[in-house]
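Subject: Handover of a structure and summary of findings

Dear colleague,

Please find the structure below, handed over for your use.

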Amino acid sequence: MSANLLSVEKLAIRFTTPFGIVDAVRDVSFTLERGEILGLVGESGSGKTITCRSILGLLPKNALPPAGRIYFSGVNILDLAEVELSQIRGEKMSMIFQTPTTFLDPLARVGEQIAESLRYHLKYNHAQGRSYSIELLRSVQIVEPERRVSAYPHELSGGMKQRVMIAAALACRPEILIADEPTTALDVTVQAGILELLRQIREERGLSIILVSHDLGVVAEICDRVVVMKDGCVVEEGTTRDILINPQAPYTQKLISSHPSIDLNVSTQVQEDSRGSTSADILKVENLSVTFKATEGVLQHLFGRGGAAIRAVEGVNLNLKQGETLGIVGESGSGKSTIARTLVSLVPPTSGRVIYKGKPLEEMTRQEFMAYRRAVQMVFQDPISSLNPRMTVNQTLAEPLLKHRICPAEEVDERVDRLMRSVELPAELRIRKPHEISGGQCQRVAIARALTVNPEILIADEITSSMDVTIQAQILELLEKLRDEMGLSIIMISHDLGVIQKLCQNIAVMHNGRVVEYGTAEQVIKLPGDPYTRQLIAAVPHMPVKASL
Amino acid sequence: MKKINLILQRFWQIIPVLLGISIITFLLAHSIPGDPVRLILGPRAPQDVIDAVRQQYGLDEPVLTQYFIYLRNLVRGDWGQSIAFKTPVLELVLLRFTPTLYLLIGGLVFSIIPTLVLSILGSANPDGWLDQTIRVFYTVGLGLPSYWLALVLVLIFAIRSGWLPATGFGNNIKEHISHMILPWATVSMAMTPILTRNLRATLMEKQDADFVIAGLSKGLPRYYIFWRHILPNSVLPSLHLLGVIVLYILGSSIVIEPIFAIPGLGQLYIRSVIGRDYYVIQAMTLVFSLITVTATLAVDVLTLIIDPRIK
Amino acid sequence: MADQLTTGKAPAIAKVVATRRGRLPFLTILGAGIVLAWALVAIFAPFLSPYDPIATDFNAILQPMSRAHPLGTDSLGHDMLAQIIYGTRVDLSMGLIGVAAPFVIGIIIGIIGGYFGGLLDTLLMRLLDIALAFPFIVLVLAIVAILGPGLKNYYIALAIVAWVPYARLVRAETLVLRNLEFVEAARVLGYDSFYIIVRHVLPNAITPAAVFLMTDIVLTILLGSGLSFYGLGAQPPTPEWGRLIAQGQTYISQAWWISVFPGIAIVLMALGFTLLGDGLAKQLKVRQ
């Protein structure tokens, strides 16, 4: 019996779209051996998800019949009819997905969603289904499984929902589990738990896993072998160690070098020429708290009581010096975005103050406040929705110049040109609208727009979180360049410590609305005092030491 | 927030709505030109009788006082007199309630069932010949004037063929039903197109939902996924349409009942508008909105109870 | 498809299809064609109609379809075809004029309520709740009872109550837009609220209202003709389709064509707008 459990040979998949035929997968071949964890790595558009879907025969309606072969147990899956495929799915192979919130039926109990494949494939009755579901929940480390089995998905956390999905996928004891970006939507600390669970399951059951991810760190953690994909083709494959330490293909090398990993050993990767602690604070946050009331309309006002109040930010103190780059790190719900919005006055503080150049915001005159508004600009997370879909790039960039009369009308064109060059955008993109340019290009426009008013402080709120790693690296480089050229002070907000370490001199770690750690980058990363910080650093997937390129 | 609290909140929320309804109803009627008392009592009524009645309804008082008198009378059951029928309005309303109730219930049943059948059939085989036919049906159907439909149905099924009675309501339940068949058909043909379009769209949307793919990946057959997962997820967000249907049927009753000579609330309303029957108009706008608010409230509470996502 | 259009129209439509990215679906073009056809009928009525619609001919009352009268005649000898052709002017303009004021009013109210929120918005929501408690026709009829019958009063009644669905749609869209990052960016850049609303929110919030507009035209025509059916809308001798249907009611058993044909006209005109509306909805969703 061959050790190859699954064999993909020269797979090619095309789609019909309103804009013509698209080649999602051009030429993909790889094998999966029994008991191994295979990583499928690539950025958006690489075709990795489509490849996985085709293994289970789950291609969307507009897919043309694929070319190539996918062999499993001696049979070409692409030749099978739907009926035969549904025998394989669940029993021999199954899949878990990226966003458990949408991939679970919100109206069905969790136990039911696990038991249904047991009833369908193995003909269990109701009682058997329920008791086995409880066992499965236990095996994926969910506490109190007897209680949880009758819960609805929304009652569970993100990590728990993913465990439920895993339990449902493993119910009928398949031989292969395909995990499509299973941890991408989860916080780093939760991610670590899920990866550990997958590793355990492989040990206990001898399960073979295909793990799809865009994150090399995740792949480095648990995969035995790696297949690197780009634009529908396999670029390189090999054992994890080989690929990461000795990448052959240029794209693989670029992928690795773009990966923002935390370097625990190098002392200061970042600017030594920080403008010194002798400079004054350009921005200071004093004991800031922001509380949101979940109101439900006039009745809440009428009857006094609000819904549960959400304390997004509690008692935060920060300061930013001229020329400094401060990083704020935290997971979702930590309050980091709320702070950003308070600093640009989109959200009013509930208590505490924001002080700009010694003057608290609430004491400013209208003039001073307008000047403050211009001095502090922000770049947002989602590049596409940061731009007005109906305005061209030119209009977006010209608007602040004209509205604030920064330069006379005749010079606007030239200014826009200069701005575009400074963010490395080709001039011909001026007439395009956001949906006609890429995400990375949109973000460059957003950065340019923020720079039109000559700000002193730039707040970057997760500006690269929804981007491919290679694009992210480019944007971060751009930010670094602009910072050095223009002497900007930057507050960088991210959930990714690697990204923060690259640019920031000082780091504040936030958890549940409070700053739990605050110091220089070196202090925070090498000698974290707070247990949460330690947990955060430990959870970040580590890459093996790179060979110098 | 606890479910009970949310449900109670819905009840609280209709209070300002009820208040607003009473104000608007009052203002509407108050703006109708003409002296209702004189019209009710006739041209030869003596002045002192007129004055006494005006006194009773407080018609010479300032507007605000009149409003409170209106509210007081409302609760007391004194809803004024009809100019046309010379009878108390409340009596009229109660008398005519039943036929419209028949129309409402039958209309609901005969709209919901075809809608469910057609939407499910259509979305089961999207773009198949059945689906295309259904789509043609509801696209054309959206433009059917209900009064015209009524006439056409009467023409074909009553006049030309004599199968069903053309007008009237009948004297016992059996007769009621046979008289209501054509009105029910009219309401059904007027309502089903838009409801089907709506439900079918929701079903189609849910067909591509992520949890469907997850279900398929477990090897579950499509029909199982449809009944067990897609349908509940489509019906729940569509429940609010029930309130909309009630709204529409009430509105249609105004147009349809006169054609079929059904002595219901709708016929009463249109007659009162044509004849500017002051107190009837006032009472009818109130009654219609009360029925609607009750139906909408019931649907909202039902949705809250059923939806497991709300605790 | 090209058969339905006269040579004058085809090139213009072909250009529209070519300039848009992705082909325009056939049904949308059909809808546009139907609406255009009706518009032409309305404009060229005097040239298309065989008779004067208000000319009576007592020698030819209640005539069925014939060569002389393709759609028959009514109780006063009016030619049905002529009445239907001239009725196009009334019904088409009724649909278009009737939606104008509600569209504008609803959008303004919806945006202001949605963007500024607070007490203003809460009051607006209550108002919308109250307005939605009444079947639409009930309110319109009540206002007609106050003002008296006639098309002009119908338009006034619509202006008073028909803006509600637009306000609801636009408010919902505005609530979403207000939190989108490009609107936040505009605030961070220090623009004043009025400018942000007009330049950034409005063009994007108007989309669902524009889609509903098509459906609303159909509803306006249906309601208006319904009113005329009961003598509360267009007054004689205006050849409005609903009124024509009403006139045929008494003669339904002897001369069914008086009521049936105007109804078919309504259905056909509504079909055009419905198809156009559906196409518009799909096109705009594709864009987003």
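In chain B, confidence is lowest in helix α2 (residues 36–41) of chain B, where the mean is 72, and highest in helix α9 (residues 210–217) of chain B, where it is 94. These are pLDDT values, for this is a predicted model. Over the whole of chain B the mean pLDDT is 87, and 98% of the residues reach 70 or more.

Chain C

Chain C contains 12 helices and 0 strands. Its C-alpha trace spans about 75 × 50 × 25 Å along the principal axes. Of the 288 residues in chain C, 50% count as buried. Among the contacts in chain C with a separation of 6 or more, 70% come from residues 24 or more positions apart.

Chain C also meets chain B: 36 residues of chain C are in contact with 35 residues of chain B. On the chain C side, the elements that give two or more residues are α5 (118–131), α6 (136–147), α10 (193–229) and α12 (257–287) of chain C. The largest share, 9 residues, comes from α12(C). By class, this side of chain C has 26 nonpolar, 8 polar and 2 charged residues.

Domains of chain A

Chain A is divided into domain 1 (1–92 + 176–187 + 194–259), domain 2 (99–173) and domain 3 (269–295 + 320–539). The C-alpha centres of domain 1 and domain 3 of chain A lie 36 Å apart. Between these two domains of chain A, 8 residues of domain 1 are in contact with 7 residues of domain 3. The domain 1 side of this contact divides into 1 nonpolar, 4 polar and 3 charged residues.

The sheet of 6 strands in chain A

An open sheet of 6 strands in chain A has the order β16-β17-β18-β13-β19-β20, with mixed pairing. At its edges stand β16 (376–379) and β20 (514–520) of chain A; each has a single partner strand, so one side of each is left without a neighbour in the sheet. From one strand to the next, the twist averages 15°.

Both directions of pairing can be followed in detail. Strand β13 (residues 325–330) of chain A runs parallel to strand β18 (residues 489–494) of chain A, and 5 bridges join them. Within this pair, L326(A) has I491(A) in β18(A) as its bridge partner. Strand β19 (residues 506–511) of chain A, by contrast, runs antiparallel to β20(A), with 6 bridges between them. Here I507(A) has G519(A) in β20(A) as its bridge partner. β19(A) and β20(A) form a hairpin with 2 residues between them, and N512(A) in the turn has a positive phi of about 55°.

Helix α17 (residues 439–451) of chain A lies across β16 and β17 (457–461) of chain A, and runs at about 175° to β16(A).

The sheet of 4 strands in chain A

A further open sheet in chain A has 4 strands in the order β12-β11-β14-β15, with antiparallel pairing. Its edge strands are β12 (309–321) and β15 (359–360) of chain A, each of which pairs on one side only. Strand β14 (residues 351–356) of chain A is joined to β15(A) by 2 bridges, and the two run antiparallel. In this pair, I355(A) stands opposite P360(A) in β15(A).

Helix α13 (residues 336–343) of chain A lies across β11 (281–293), β12 and β14 of chain A, running at about 65° to β12(A).

A closer look at A340(A)

One residue of helix α13 of chain A is A340(A). Is A340(A) buried or exposed? A340(A) is buried, because 20 other C-beta atoms lie within 10 Å, and 20 or more is the cut-off for that class. Leaving aside residues up to four places away in sequence, A340(A) touches M378(A), I459(A), D461(A) and I493(A).

With kind regards

Methods:
Residues numbered from 1 in each chain as written. Chains lettered and ligands numbered in written order. Predicted model: local features only at pLDDT ≥ 70, side-chain atom pairs only at ≥ 80, totals over all residues. Buried ≥ 20, exposed ≤ 12 C-beta atoms within 10 Å, placed from the backbone. Nonpolar A, V, L, I, M, F, W, Y, C, P; charged D, E, K, R; others polar. Pairing = 2+ DSSP bridges. Axes fitted to C-alpha atoms, helices over the stretch in contact; angles between N-to-C directions. pLDDT = per-residue confidence, 0-100. Domains from an automatic or database assignment.
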